[in-house]
Every structure is written in C-alpha cells, then in structure tokens.
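The exercises below concern charge pairs, surface patches and confidence in a structural model. Please work through each task before reading its solution.

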Amino acid sequence: MNGGRSKRLREKSVFKIVGIVLLMVLVGLMFTIVDRLPVIGNPDSAPNRHVSDYYIEEGPELTHSPNLVTGVLADFRGFDTLLETTVMFLAGVSVAMILSNRLKRHWDAGIFRKDENFGGYEVKVIMPILIPVIIVYAFYVLMHGEVSLGGGFQAGALLAMAFMLYIMFADLGKNKFRITQHFTVCVAACGVFIYFLTGFLCMINGGRFLEYEALPFSAEHGAELHATGILMIETGVTIGVMATIITILEAVVERNSLNGRS
Amino acid sequence: MGILLIEAVLLLFLIAITIVIILDKDLLSSSIIYCAFSFCAMVLYIMVGAPDVAFTEAVIGVISTTYFVVSLRTTDRWCK
Amino acid sequence: MDAVNIFLAEKGIYMLTVILFFLGMFGMAVCGNYMKKLICMNIMQVAVIFFFLCLGEKDGGTIPVAMEGAAGADDYVNPLPHALMLTAIVVSLGTSGVGLALLMRIKEKFGSIEEEDIIEKEKGEEADEQHDYQ
C-alpha cells in the first residue's frame, strides 16, 4: 500500500514537470508567431478594415441606434443573436434534464427547510430597498440599450441577480407558489419564441426574416421601425437569459436539498 | 504608453491570481478568488475601450461565482 | 533598445495574453479536481476574449457610441469584436452551468470528484465484472 502511494506521487510530479516543460515550449512557439499579428492600435490593420467602416459610418442612420454595439448585435447580425439565445435556452433545458432523476433516498427528503431564518433587521430593511432598485435599473438598461450602453443580456442577468438575492435571504416557507426549474424553462422558451415571432412578423408583412422595415407598425421613417424591432428582440433575449439563469440556480439548489446538504 | 503600462500590470495581476487558483487546496477560496479575477478582467476590458463587454463581464462574473459556491455544498470543499 | 521598446509597445500585450491562456490550459490538464478544471476553463475564456478585444483597438479612438463631435470611422473603436464577445461571455455561463450539473451527478455516482479516485473506482468495477464472467 505504501509502495503504491509513493509510486503515484512520483508519477504525479513527473506529470507536473512534463506539463511545465510543455507549457514553456508552447509559449515559446507562440512568441515566434506574435511577429505576424496586427499592431495594436493601428486603424489600418486587417480587422479594422472591410466591414467595420461601413458599420461605423452607416450604422447610426440605418439602425436608428447610437449604440453601435447594439446596432451590430441586434440589427446587422441579428441572426447570430437569435441562435445564441437558443443555445442559452438549450443549456437551461440540459441542466433541468440532468438534475431531475430521483434516487430512492431523494423521495423522502424535504425541500426548502422552512425553519432556516436569516432575519436580522439588516436583511429586513436592506433587501426591500435593494431588490426593487436592481429591477428598475434592469428595465432602464433594457430600454436604453440602443441609446447608451446596455442591451438585452445585461438586463436579463440583472433581473436574475435580483431573484437570486431574494432566494438567498427570504423566508421561503411562507411562499405557497414555488418557482421550480420546470416552470422557468417554459419562461425561457417564451423568450426565444418572442424573438422568432418578431422575425416572422416581418415575413408576414412581405419582408424577409428579421427585416425590420417590414414590421406591421406605423412610423414616420423606415429607420424608426428598426428601433421597435430591436426593442422587441431585446425583450426576448432578456426573458430567455433571465429564465435560464434562474433555472440553473433552482436546479442546483433543489439538488442540494435533496442530497441533504442544504 | 501609460495605458499600455496599466494593461501590462493588470495582466500580470491576472497571471498571479491564476497561479494562486491552481495551487490552492480549498475550493471555496478558489471560487471567491475567481470573483476577484473577474473583477480585474472587467477593469482590463474598460482599459481596452469596451464598456459594454465590461458591464456584461461584471454581472456574469458574479453569477458564475454564485454557481460555483452553491454547487460546492454537494461536491467536496477540499481537494487533495 | 528602441526596437525592443517599440516591439513591446505594439505587440507586447499579446505575449502576456498567451501566457495567461496557456497557464489556464496547464491548470486544466494538471489539476486532479474536476471543479478546478472548470474554473481554469473560465480563465482560458477571459484570455481569448481579451485577445479579440485587443484586435479591435484604434489609436485615439473612443468608445463605440455615436457622439456629435466625432464623425469619421477612425474616431471610434471597432464595434464588431465587442458584439461577438458579448455572445461568448453569456454562452460560457451556460457551459459552466451544464458542467456543474454534470459534476453533481458524478459526485453522487462515484462518491468523489477527484480524478484518481474515479479511475480507481472504475478499475475496481471492471475487475468485478471480469470476476463475474469467470
């Protein structure tokens, strides 16, 4: 037994030394290639030509959004964002499926121990002030995603963070309505559906998929419809991201309770 | 030149935090140090001129740290 | 000496990013604990995202929000890498979540999340199966 253990320690340190040597060799290799990378800060280097100039110069007029990043993300490259929201939804579905088998010992365990109480007066006074401020800020970030920094991803993550704060500190025994991971997965699906719906609305009115000029709302110029379209898809992204984050959290917390280690 | 110096210092700080994470035996402290790593990365993103990405990294870094800490209750806290 | 200074100023940041990336990869290969491998995966992701954002820098450029004073394409930082990296950060959160869910199932089935213990337990199960067949 002792011989086996010292042999394993020797193998492990040999492994680490080989790892460090390989690391230095690889880093040295990469240093020789750094010569060919573009110069940092050069406006004429290869990544800064071709399409980016068009996005910067024509972007604010065509997409009616001064925030160029949101314009690129939600208008010029809207299809990428659609599939990214789908990937987030799939991650939520995967976690809900992986963590939903029930072993024999899980059926007798209790969920959400009701006698745990964090209630100092700091929690009772600070949390009711903090959580509404975060929610209002999240809606501000969502609505102002076109004009200043922000967008759908940040707003969704902020909303999920407000919910996380609530779960950590509230007395959950008083809730009759438990938000489980199976419910929030459906909410995430609604978010992806809103995104697809915006695309199909454009097709119904005679345009192409996600061509915002053909949305069936009335506006003065065509560019204002772009702002409406961007707001609709950002709402879809917000709901999808928020529900996925809450799904993963709820699945992990419930599994903790079932294992008896809450 | 000044901005590049600050970026280099921040990157060295990130490398030091990585070495601490690899060598640490306590998984709970590794997760909390990962939160500091995310904060330094956020400042680095602002230095390069990407405040949108920094905003997202700030929020997602906190959520990721919470995931790691919450899932430590089921898995072990100490590694060999 | 001037050449070294210029080289460091123009491309020196790439070298530190490469060191960070390969350090994360080293941690992923060498650490025996699965949770630490997940944390090192996130470290590699930060290195890659910073590399992409470096490619979009411009001297004298401001943040990519259209303002009244500046009008040319040379006054704004390139917004295309920012949009791609926003997506990458959020997707990496989903990846970490799925990895942690798998970790919890592994812990319940094998009893530990160290690589050596799991390999030994699997060898023990294989030996038991061979005994059954004999």
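**Exercise 1. Determine which salt bridge joins Asp117(C) to Lys80(B), and where the two residues lie.**

Step 1. The side chains of Asp117(C) and Lys80(B) form a salt bridge with an N to O distance of 3.0 Å. The term denotes a side-chain nitrogen of Lys or Arg within 4 Å of a carboxyl oxygen of Asp or Glu.

Step 2. This pair runs between chains, from helix H4 of chain C, which holds Asp117(C), to the segment after H3 of chain B, which holds Lys80(B). Helices (H or I, at least four residues) and strands (E, at least two) are DSSP runs, numbered from the N terminus.

Step 3. Asp117(C) is partly exposed, its relative accessible area being 26%. Buried means under 20% relative accessible area, exposed over 50%, and partly exposed in between, with a 1.4 Å probe and protein chains only.

Step 4. The model is predicted: local features need pLDDT of at least 70, side-chain atom pairs count only at pLDDT 80 or more, and totals for chains, interfaces and linings use all residues. Residues are numbered from 1 along each chain as its sequence is written, chains are lettered from A and ligands numbered from 1 in the order in which they are written, and side-chain values use heavy atoms, with hydrogens and water left out.

**Exercise 2. Describe the salt bridge between Asp26(B) and Arg77(B), and state which parts of chain B it ties together.**

Step 1. Asp26(B) and Arg77(B) meet through their side chains at 3.0 Å, N to O.

Step 2. Asp26(B) sits in the loop between helix H1 (2-23) and helix H2 (27-48) of chain B, and Arg77(B) in the segment after helix H3 (51-70), so the pair ties together parts that are 51 residues apart in sequence.

Step 3. Asp26(B) is buried at 12% relative accessible area, whereas Arg77(B) is partly exposed at 38%.

Step 4. As context, chain B has three helices and zero strands, and 57% of its 80 residues count as buried.

**Exercise 3. Characterise the salt bridge of Arg208(A), and give the count over all chains.**

Step 1. The partner of Arg208(A) is Glu211(A), and their closest N and O atoms are 3.7 Å apart.

Step 2. Arg208(A) is exposed, at 61% relative accessible area, while Glu211(A) is partly exposed at 27%.

Step 3. Over all chains the count is seven salt bridges.

**Exercise 4. Identify which residues make the nonpolar surface patch of about 590 Å² and which gather in the patch of negative charge.**

Step 1. Tyr121(A), Val125(A), Ile126(A), Ile129(A), Leu130(A) and Val133(A) make the nonpolar patch of about 590 Å². Tyr121(A) belongs to helix H5 (residues 121-143) of chain A and is exposed at 64%.

Step 2. The negative patch gathers Glu122(C), Glu125(C), Glu126(C), Asp128(C) and Glu129(C) on the surface. Asp128(C) lies in helix H4 (residues 115-133) of chain C and is partly exposed at 48%.

Step 3. Patches are made of residues with over 30% relative accessible area and no salt bridge, like charges being joined within 9 Å and nonpolar side chains (Val, Leu, Ile, Met, Phe, Trp, Tyr) within 5 Å.

**Exercise 5. State which element of chain C has the lowest mean pLDDT and which the highest.**

Step 1. The score is the predictor's confidence in each residue, from 0 to 100.

Step 2. Chain C has a mean pLDDT of 88, and 97% of its residues reach 70 or more.

Methods
Areas by Shrake-Rupley, 256 points an atom, 1.4 Å probe, with all protein chains shown as cover. Lys, Arg positive; Asp, Glu negative; His and termini not counted. Charge placed at Lys NZ, Arg CZ, Asp CG, Glu CD.
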